Amino acid sequence: MKNLVEQLALRKQQDLYRQRGIVDGPQGVEICIDGQDCLSFCSNDYLGLANHPQVVAAFHQGLDKYGAGSGAAHLVSGHSRAHHQLEEELAAFTGRPRALLFSTGYMANLGVMAALLGHGDRVFGDRTNHASLLDGARLSTARLIRYRHADVADLAARMAAAPPGENLVATDGVFSMDGDIAPLQDLARLCVQQRAWFMVDDAHGFGVLGRDGRGSVDAAGLGVEDVPILVGTLGKAFGTFGAFVAGSEALVETLIQQARSWIYTTASPPALACATRAALQLVGSDGWRRERLVALIRRFRAGARQLDLPLLESDTPIQPLLVGDAGKALRMSAALREQGILVTAIRPPTVPEGTARLRITLSATHTDEHVDRLLDALGEMISAVKQF
Ligand SMILES: *Cc1c(COP(=O)(O)O)cnc(C)c1O
């Protein structure tokens, strides 16, 4: 038996220990965490919909209509009218024939890979992909081959060397810890040439990029022939919870037969689908939220450049500052916290060794003054950086 106490102590020593803060009240740019009112720059609620009155009201109405729980898996008796309507709306939104709701994005990624692939097949994954894509490949028992971040030539070389069989290329649309966008057009072209599945997990692009928030794949002008497997999550810009896979009729029917993380789990509460339908409406109608984000990103980047902050190259609401050392990132996060600013330190193994960072995220509901307050705090910290 391992000595867990010792292992935990070691983790602390290495500045890799993780802890949760307790939040009171709703999610928002102003948040009460561990009893402290903070200005938050770390949630994925990019459009500010998590506590939007219309979304909350739709949730309430859904509860009145459907009650609290779904009672069963989708294939048994848990698939409500609300789930079905949401699936149809997500299919229309993404311009795909069908969409299938999953309980979480993590489960969607596991389900797709395990349904389509098996022993002797291969998953080609970007090195920086989300952990759920990595775990999906593992669960599928296909061989996982990781290619250099956003490097299509490296992927092509690895694919050329692969023996025949099913190949699936998987990438984040917007990389969750870096904020950059995958070279989707080139990846799609290569996959068509190689007759490989192309799967894009657009957790951070949906609602934020593309026409009316249709995501990074839409922004790249790619249809269902180019990206046959499109995964979106609903807990980020959509402000609620859950995920979906959009694609062809045959893909969705195959998932219904074979995706174990969909089949063997209780359907999410129907009321949640009602809330998400309201969020989807707002994503489409509130173009000003995306315009605000663009303005805030520009303001933050201009200010950060003036301060000579170690910004990563990113045009999305994910604006990480590269710190390097995990302990230093923790101390910087703590220093910001003392000023009432919440920015989490992201450390290995979430990001590669030596690339710990402050993952700053912006939301449409931040004001210019909020961003300036963050920049002031970062500026002060940088000038005192030796103390870290
Ligand atoms: C958050 C995230 C997921 C997981 O989605 P959940 O619905 O939170 O389980 C999957 N992929 C990426 C890229 C993510 O950022």
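Helices, here runs of at least four residues assigned by DSSP, are numbered from the N terminus, and a residue is near a molecule if one of its heavy atoms lies within 4 Å of that molecule. The views below show a predicted model.

**View 1. The shell of residues around the ligand.**
The ligand is surrounded by 14 residues. The closest of these are Gly105, Tyr106, Asp201, His204 and Lys236. Helix α5, which spans residues 105-116, supplies the largest share of the shell, namely three residues. By class, the shell comprises nine polar, three charged and two nonpolar residues.

**View 2. Polar side chains at the ligand.**
Which side chain has an N or O atom 2.5 Å from an oxygen atom of the ligand? That side chain belongs to His204. Asp201 places a polar side-chain atom 2.5 Å from a nitrogen atom of the ligand. For His130, an N or O atom of the side chain is 3.4 Å from a ligand nitrogen atom. On its own, the ligand has 380 Å² of accessible area, and the protein covers 82% of this area.

The ligand sits in the largest pocket.

**View 4**
Strand β2 covers residues 30-33, and strand β3 covers residues 36-40. The two strands run antiparallel and are joined by four bridges. Ile33 has Gln36 of β3 as its bridge partner. Two residues lie between the strands of this hairpin, and within the hairpin Asp34 adopts a positive phi near 50°.

**View 3. The pairing of strands β3 and β12.**
In which sense, parallel or antiparallel, does β3 pair with strand β12? The pairing is parallel and extends over two bridges, with β12 formed by residues 341-342. The bridge partner of Ser40 in β12 is Leu342.

Strands of a sheet pair through backbone hydrogen bonds, in either a parallel or an antiparallel sense. In this model, four strands form an open sheet in the order β1-β2-β3-β12, and the pairing is mixed. The edge strands are β1, residues 23-24, and β12, each of which pairs on one side only. The antiparallel pair of β2 and β3 and the parallel pair of β3 and β12 can both be followed in this view.

Definitions and conventions
Residues numbered from 1 in each chain as written. Predicted model: local features only at pLDDT ≥ 70, side-chain atom pairs only at ≥ 80, totals over all residues. Heavy atoms only, no water. Polar contact = N/O pair within 3.5 Å; in protein donor to acceptor, adjacent residues only side chain to side chain. Areas by Shrake-Rupley, 256 points an atom, 1.4 Å probe, with all protein chains shown as cover. 1 Å grid on protein atoms, 1.4 Å probe; cavity = no way out; pocket = protein on both sides within 12 Å on 5 of 7 lines; lining within 4 Å. Sits in = over half its atoms within 2 Å of the grid points. Nonpolar A, V, L, I, M, F, W, Y, C, P; charged D, E, K, R; others polar. Pairing = 2+ DSSP bridges.
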